[in-house]
Structures are given as structure tokens and as C-alpha cells.
Amino acid sequence: MKRDISAPDWCALAVAAGALVLALLSLLPADGALHVPAFAVGLAGKYLAYALLALSVNLVWGFAGILTLGHAAFFALGGYTMGMYLMREIGSRGVYANPDLPDFMVFLSWDHLPWYWYGFAHLPFALLMALLVPAALAGAFGWLAFRSRVSGVYLSIITQALTYALMLAFFRNDMGFGGNNGLTDFKDVAGFDLHQPSTRAGLLMLTALVLAGCLVLSRMILDSRLGQLLVAVRDAESRTRFIGYRPEHVKLVIWVFSALVAGLGGALYVTQVGIINPGEFAPGNSIEAVIWVAVGGRGTLWGPVLGALLVNLGKTLFTGLLPELWLYALGALFILTTLFLPRGLAGLRRPPALVAEITPVDSEAPP
Amino acid sequence: MNLLYLDSVSVTFDGFRALNELSLVLAPGEMRAIIGPNGAGKTTMMDVITGKTRPDKGDVLFRDTDLTRLDEPSIARLGIGRKFQKPTVFEQLSVRDNLLLSLKGKRAPFAMLFARRTSQEEARIEEILATTRLTPHAGRQAGALSHGQKQWLEIGMLLGQDPELLLVDEPVAGMTDAETMQTAELLRDINRSHSVVVVEHDMEFVRALGVKVTVLHEGSVLAEGSVEQVSANPRVVEVYLGR
């Protein structure tokens, strides 16, 4: 089982190195030939945040067989916690110059901060919440769903309902999260001006490092005995029960870990995109994430990362050229991948993990 | 003291009585063969013992423990292992890793996360590989094994689990005659240190086991005794041959 450097680790290295190069080039003088414009850095950062979401979907779909159609909910929740911090960070520089209340609350004539906004003036607290809130929701949801042995298409439908319900809730003004408009107009993060190229370069690097870290951590989990058990649960769940495992616990562990990764992705996404609104909970977003994973190749750690980057790059280019055709192109991509590349782009590189280890022994009966 | 005790167990599916007042007692260390025509309730009985199906009424005891209150993992941890009719192994994993997962011991997710392969585990796996004659195939993906090899791997996984009681559902289905006889030998071997319940259609195999036979019919016990006794029983002959 020992390898020199595994594919996920190479992928992590490539992501970090690529982001470093982009970040450094963006800091060159603007008239230089190699200068990378700020919007490209922002885009790259956004793609990497999406790659975190893709990794997260892949962990549960590719390795535990749970087809989630609501993972963008965890991503958006992570985004909202970060957005709340960024709102508080605006302070008295808002349109209404209220040092305590974000603009939308002043506009709604609220006179004090709701209790659930307490603490979000501090970055460490917000970061903790970016992990805890998605994990808590995933924990409660997963515990109920897996314990009741809800699986397959039924589980997929419930995940859709989950994200849809959250979307409706966040659309309401009296929820206290900015309603329809969401949270935006951010000024700075941890004292760094969000509009400075150096801050954007730093955020891109940070996103790349978090993605690389999550890739390596995921690889370690999947290489462990728990990873083997995960595959066993995916392929023959009831069998694991009869040898004494509780598949619902195994699924819950990876489900919550996956929600943590998605939440981190969302938090990094918001700092770089500059806005979070209930649209991020839209069921379509979760389905898009599933498409990135399918295109990249589920069941390998690096495939979906590549899928997220390529599909989103395609989306940026395509929606610029032929905006009205993008959804057809995305749909076609999904259908074509399913038909002709069931293992996604990763499947082009090599057969699935263990086939390579099969020694050519005739399938004779036991002697 | 009985190892397994079933008393007037009934299970109904949509009005169909799969088990009808079934009573069965197994002594510690015993091997028992269960035969019966299709629909006699053999697999349902296994499901009841392993917690997959809850009986409508009746007692199911493993030593002193009431099995009707426990779920599958709890019953498995208590010491009851099961081999399915259709061989179910973890096809994507290697033969060796299939055995590793089956080994008695760690079951909690976080313990699994930090588990390292110990030399004891390695030794035990090698031992099981040898017993089930799978040593040359240890590194192969389980999904690539032949049908008979998968059956043996599943029996090997039962050995790894090291349960007090093994429930074995049609272990020789789809095996050649030679494999069938080897499997009988293997089960007799296993019976030296474990109690075993074998469900099987193959009368040659049951004869080779040479143990007490229970005949099920329409969810109840029709006859019990040696192979010779039950095959001489006119009711058994009628159930099997005539209608």
C-alpha cells in the first residue's frame, strides 16, 4: 500500500503551486507582460472555493455512496457566518454609519443586534462558527436520516428539501440575515482592505492552502481502516452490519467531515466574491456541484477538484460568449459524462484503485 | 444451558406466515443442519436470529440474552455471525482487507480511523487465508474472485469475526462436487470450536456433515433427527417429492 506520493497529494501540491504563481504574478506592476489582473485572481479564488465544495460532495458521494443534492447548504451556511463577520467589520463605514448595526438592520428600523449576531465581530469566532454551524446541521440531519436507514434517492430528495427550506428561510427579512439581498458591501477582513490586490492574492493563497490541507486530510482518512470501512459500507452496507459495524455511524462521521469542508469553502468563497445571499441555497447550486464531481470523476480525490475548476472555467467563458446556452451546455456535459465517461476525467488516467493490484491468477476454484 | 433457544416464534409478512410457532433449541458446540423446501422459513429464521426481522411473537434467546430487542450490529457483537445465501463480500477491497475488516475487535469509527495493522492481525489473516485456501489470492480484489472463492472468503470473514455461533445459509450453492465436499470438511473443522447452523438444500452435503437435521415446512419444524431418520420419514418425503 505504500506509495511515494499519492495522486491526491500531487493534486494538493499542484493547487498550492498554481495559486502561488497566480498570486505572485498579480502583484507584478500592472503594465508588465506577465501581470495577472485582479479579476482573474478573484475568479481563481472562487474556483478553488468551489473545488472545496466538490471535494466535500465527493467525500460522501464518491466514497460513501450518499448522493447529496443539498450540499450547497453547508457551503452557504459557512458563507453566511463569514459574511456576518465581514458585515460587523464594516462598522460605522456603512451607508447609515451605525457602528453596531449592519445597514440592512438600520433600514428595517431594528434598534439592537439580534442575539445570534453576537460574537461575529471577532474573526476567530466567525471561523469557528463557519465550521460548527454546518457541522451541527449535518450532524442533526445525518443522525436522523442514517439512523432511520434513509438512503438512495429518498435521501437525495430530503437533502434537496433541506437546502430549499433554508433558502426560503433566508429570504425572509425577519430572519436577520439581510433577506433577499443577503450580506454584501464588505470593506476589509482582519484589517486588510478587501479591494487591495495584495489582500486578494493572500486570500487566493489561503484558499489554495485550505484546499490542499483538506485534500491531504481526506487522503489520510480514506487510507485509514475507516476509509476501507467506508468503501465497504458503500458497496455492501448490510454486510457490515452483520459483522458488527454500525454503518449509520460511519456515514455520519464522513457526512459531518464533508460538511466542515463545505463550510470552509463557503467562508473562503464569500471573502473573495464579496456577497452572500439566499440564492446560494438554491437547489440548482447543489446539483451543479454534483456535476463537477461527476465530470471530474467521483471516487478519486483529485478528479472532482479538477472537475470543479474546469467546469467553472468553462462556465465563465461560456456565459461570457453565449449566456443563454450555458445551461444546455451544462446539461449536455452531464449527460455525455454519464454516458461516455462514467468515471469522469479521472477515469481516463487509470482504472479504479484496486484493479491495478490484481495479480493475473486464473479464476480457478479453490483447490 | 442452551446456546440458542427459539420458542413458538411467528413471523407474518402481509398475511403470509413465514414462521409459524417455530421452536428450536441448539446446544453449545452443536452443529445443526436445517433443510426444507423453498418458502419453508429457513432464511426468515436466520433473519429473526440476526435481528434483521422482528418476530410477531415468540422468544429468541442467545444464552440469556433476548435477541428480539437487539439490532444487527449488537447481535453480531454478541457473537453471532452470518453467511448469506448470495455471497456478499466487499468487492472493491482486496481479499486481505475483507478479512481485516471482519476481524473481531474495533468497531467504532474513530477507533477505525487510528487503527494500525498489528502483527497479531496479520498472523490471524494469514491463518484464515490458509484455512480457506485463499493465500494465493490475498492481494486480489474480492470482486474478481470466482463464485466458490467468494463463498470461501465469506466463510473466512466469519472465522475472522470469531463468533460463538455461525449461521451459514446455503454455503455450497453453485459449488462443484469437490468444492462441496471440501466445504463440508471445513465446516466440520470450524465446528470443533464454534456452534454452527447450516441451511442447505444439497442432501449429499448434509449427509457429509453427519449431524442432526431439522426439517422445516411452512414455518414450523416437520421432523428432527439424523439424515437417515428424516429421509425415512414419510411426511418429509411427501413434502419434498409430492404435493
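Two strands are taken to pair if DSSP finds at least two bridges between them; strands (E, at least two residues) and helices (H or I, at least four) are DSSP runs numbered from the N terminus. This is a predicted model, in which local features need pLDDT of at least 70 and side-chain atom pairs count only at pLDDT 80 or more, while totals for chains, interfaces and linings use all residues. Residues are numbered from 1 along each chain as its sequence is written, and chains are lettered from A in the order in which they are written.

In chain B, six strands form an open sheet of mixed pairing, ordered β6-β7-β8-β3-β9-β10. Its edges are β6 (80–83) and β10 (220–225) of chain B, each of which pairs on one side only. Strands β3 (residues 31–35) and β8 (residues 195–199) of chain B run parallel and are joined by four bridges; there, B:Ile34 stands opposite B:Val199.

Contact means C-beta atoms, placed from the backbone, within 7 Å; angles run from 0 to 180 degrees between N-to-C directions, with axes fitted to C-alpha atoms, for helices over the stretch in contact.

| Helix (chain B) | Strands touched (chain B) | Angle of directions |
|---|---|---|
| α1 (residues 42–49) | β3, β6, β7, β8, β9 | about 150° with β7(B) |
| α6 (residues 147–161) | β6, β7 | about 175° with β6(B) |

Between the chains, 30 residues of chain A are in contact with 36 residues of chain B. On the chain A side, α8(A) gives the largest share, seven residues.

Elsewhere in chain A, A:Ala51 touches A:Leu211, A:Val305, A:Ala308 and A:Leu309, leaving aside residues up to four places away in sequence.

Terms used
Contact = placed C-beta atoms within 7 Å.
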